[in-house]
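Me: Please take a close look at one part of this model: the sheet and the aromatic contact in it. Keep it brisk.

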Amino acid sequence: MAGFRRERIAEMIHRELAVRLPGALKDPALPPVSITHIEISRDLKRAEIHYMPLGGGDSSAALAEALDAAGRALRGPVGRSLRLRHAPRLSFRVDEHTEAA
């Protein structure tokens with residue numbers, strides 16, 4: 001039962017980030033990203049978002065820093081829109097599995 005709730009919350013976070021993330025990235029020179037999947041911890045306090053840069057862009061340090069800053073800025077709005085008591089901490093990781101494919 002708890003696994004189903006985590007999956008549901010991951011899907012809702014994915015939808016919210018798809019809407020809010022492009023506006024949160026301040027630098028227009030950064031490539032757009034595609035969120036491949038989201039892993040939620042058992043206690044629902046952490047969300048690890050796996051992404052892949054679009055357009056063949058490399059996963060640079062500037063993109064990682066911008067996504068981490070956006071994750072800190074979006075934690076509150078995402079938590080409020082999902083009506084969660086505690087918003088999960090959003091951390092971004094490059095999806096290694098799709099790069100190898």
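Reply: Buried here means under 20% relative accessible area, exposed over 50%, and partly exposed in between, with a 1.4 Å probe and protein chains only. By that cut-off Tyr 51 is buried, and so is Phe 92.

This is a predicted model, where local features need pLDDT of at least 70, side-chain atom pairs count only at pLDDT 80 or more, and totals for chains, interfaces and linings use all residues. Residues are numbered from 1 along each chain as its sequence is written, and side-chain values use heavy atoms, with hydrogens and water left out.

Now the sheet. Helices (H or I, at least four residues) and strands (E, at least two) are DSSP runs, numbered from the N terminus. Two strands pair if DSSP finds at least two bridges between them. The sheet is open, with three strands in the order E1-E2-E3 and mixed pairing. Strand E1 (33-40) and strand E3 (89-94) are the edges; each has a single partner strand, so one side of each lacks a neighbour in the sheet. Neighbouring strands are turned by 30° against each other on average, direction ignored. Axes are lines fitted to C-alpha atoms, for helices over the stretch in contact, and angles run from 0 to 180 degrees between N-to-C directions.

Strand E2 (residues 46-53) runs parallel to E3, and six bridges join them. Ile 49 stands opposite Phe 92 in E3. Helix H2 (residues 61-82) packs on the sheet and touches E1, E2 and E3; contact means heavy atoms within 4.5 Å. The direction of H2 makes about 160° with that of E3.

Last, the rings. The structure holds one aromatic pair. Rings of Phe, Tyr and Trp (its six-membered ring) pair if their centres lie within 6.5 Å; planes under 30 degrees apart count as stacked, over 60 as edge-to-face and the rest as tilted. The ring centres of Tyr 51 and Phe 92 are 6.4 Å apart and the planes stand at 65°, so the pair is edge-to-face. Tyr 51 lies in strand E2 and Phe 92 in strand E3, so the pair ties together parts 41 residues apart in sequence.
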